[in-house]
Amino acid sequence: MIQSFIVYFTTIFLLWCCSVKYKKCGFTSIYLYHPLILFMLVYYTALCALRYNVGVDYPTYFGEYVNYKRYTSYENVNNFESGWAWFSWLLSKNHISYIIYFGLIAFFQFFVLLSAFKRKVFLLPSVILAFFLGCFYLDFQNVIRQNTVMIIFLYFVMNHKNIGIFRACLLFVFCCFIHKSSIIMILLLPFIYIKPVSKFEFNLAPVLFIVCAYIGWRYDLFSSIIDNPIFLQNIADSQYSYYLDDRFIGMGLGNNLGLGFFLKFLFDFLLIISGYRMANFYCNDRIYLICFRFFYLGKCLKYLVPTSMVLGRPILYLTFFTLPILAYYLFYVSRTINKITLETLKNLLAIIVVILLFFANYFLNSEGYMSEFHFVWEK
């Protein structure tokens, strides 16, 4: 535990200091070849490459990668989509160490994350803090394929004005070869181009959020959904048919709606009620408004089925936008905390909740080695 504490705080401190230093250079864009950015990329890649037994999904990725060298073709790989299978098989067949394998994945993910905020230099330090304090780092090293396509989707949303329809189509086709669930990204495209969130929607948002949370708390909507024959048939015909196993179909149902749940609810609620003020603060930045819409829709759906990990997977494409919203929020707080007001106290409460959740997820909830840091030489 002491080792995990040292590693995580050293990482956060170093990457945050680099991002602050880069911001002070006065650049209007994030140049990925700059020494400070390169150091961040190399350090993060090394950290992920040298970590062993990352989480509950790590043994699967590790085991499959080690076995790929026995296959004569990537087409023999049945567990993963063809693009990911080819990438994994190619490296394994050529006896490339699993350290390099996980390192390349981490490099790509972090590279795309920084690229997503390329034109938002002022947010860079906040993005680093949001990435770690929001525990996205843990998810990136566990739900690897889905987080890879989700970070690509975030990149598209943040830079959609500069990406033509042809390149966008190529991007989404590429994502489908990594994780089939990326078809959801295409369904979300209309929300990028429709009218931005209005003041009325911002004012109504907290009420609807509470209603969704209340319904999800009082009624077991998950059981009604899984009893639907259409839902069952779609799952049965997919590569995720193992979810129909009793061990998975009830996954999450045993979770207690205790202190951790209500801390998360409080944090999400504070972000939602700050939405209108933040929109004004950022002068109705369209990127912020799009991210807020995805974030809000995701949170409402999540709290409607709060204990379902099965349904939580597709909803991740929306709740993932907590990352940019938290980054926007942290920057907003840093600029508005200069005087004691009710708004300031509310912002301080939100920051305290974020820190509590950070400690809970990193140091108190180490189930499946999700957050416990072990180097490869400790296996």
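**Entry 1**

Contact here means heavy atoms within 4.5 Å. The model is a predicted one, in which local features need pLDDT of at least 70 and side-chain atom pairs count only at pLDDT 80 or more, while totals for chains, interfaces and linings use all residues. I note also that residues are numbered from 1 along each chain as its sequence is written, and that side-chain values use heavy atoms, with hydrogens and water left out.

Asp-268 belongs to helix α16, residues 259-273. Helices (H or I, at least four residues) and strands (E, at least two) are DSSP runs, numbered from the N terminus. Is Asp-268 buried or exposed? Asp-268 counts as buried, because its relative accessibility is 2%. The term buried means under 20% relative accessible area, exposed means over 50%, and partly exposed lies in between (1.4 Å probe, protein chains only). I listed the buried residues of α16, and among them are Phe-261, Leu-263, Asp-268 and Ile-272.

I then checked the span of α16. Its 15 residues reach 21 Å from the first C-alpha to the last, close to the 21 Å expected at 1.5 Å a residue. The expected span is 1.5 Å times one less than the number of residues.

**Entry 2: Two residues with positive phi**

I looked up His-95, which has a positive phi of about 60° although it is not a glycine. His-95 sits in the loop between α4 (82-93) and α5 (98-116), and with a relative accessible area of 64% it is exposed. Cys-135 is not a glycine either, yet has a positive phi of about 65°. I found Cys-135 in the loop between α6 (124-133) and α7 (136-140). At 8% relative accessibility, Cys-135 counts as buried.

**Entry 3: The nonpolar core**

I recorded 123 residues in the largest nonpolar core, and Phe-153 is one of those with the most contacts inside it. Helix α18 (residues 286-304) gives the largest share of this core, 11 residues. Such a core is a set of buried Ala, Val, Leu, Ile, Met, Phe, Trp, Tyr and Cys residues joined through side-chain atoms within 4.5 Å. In soluble globular proteins, nonpolar side chains tend to be buried together. Apart from neighbours within four places in sequence, Phe-153 is in contact with Phe-172, Met-185, Leu-188, Ile-192, Phe-294 and Phe-321.

**Entry 4: Ser-181**

I located Ser-181 in the loop between α9 (165-176) and α10 (183-188). Ser-181 counts as buried, at 17% relative accessibility. Its side chain makes a polar contact of 2.6 Å with the side chain of Tyr-317. Leaving aside neighbours within four places in sequence, Ser-181 is in contact with Gln-146 and Tyr-317.
A polar contact is a pair of N or O atoms within 3.5 Å; within protein, one must be able to donate a hydrogen and the other to accept it, and residues adjacent in sequence count only if both atoms are side-chain atoms.

**Entry 5: Cysteines**

How many disulfides does a search of the whole structure find? The search finds 0 disulfides, a disulfide being a pair of cysteine sulfur atoms within 2.5 Å. For Cys-17, the closest cysteine sulfur is in Cys-18, at 7.1 Å, too far for a bond.

**Entry 6: Confidence**

I noted a mean pLDDT of 84 for the chain, with 85% of its residues at 70 or more. The pLDDT is the predictor's confidence in each residue, from 0 to 100. Over residues 249-255, pLDDT stays under 50. Where pLDDT is low, the predicted coordinates should not be read in detail.
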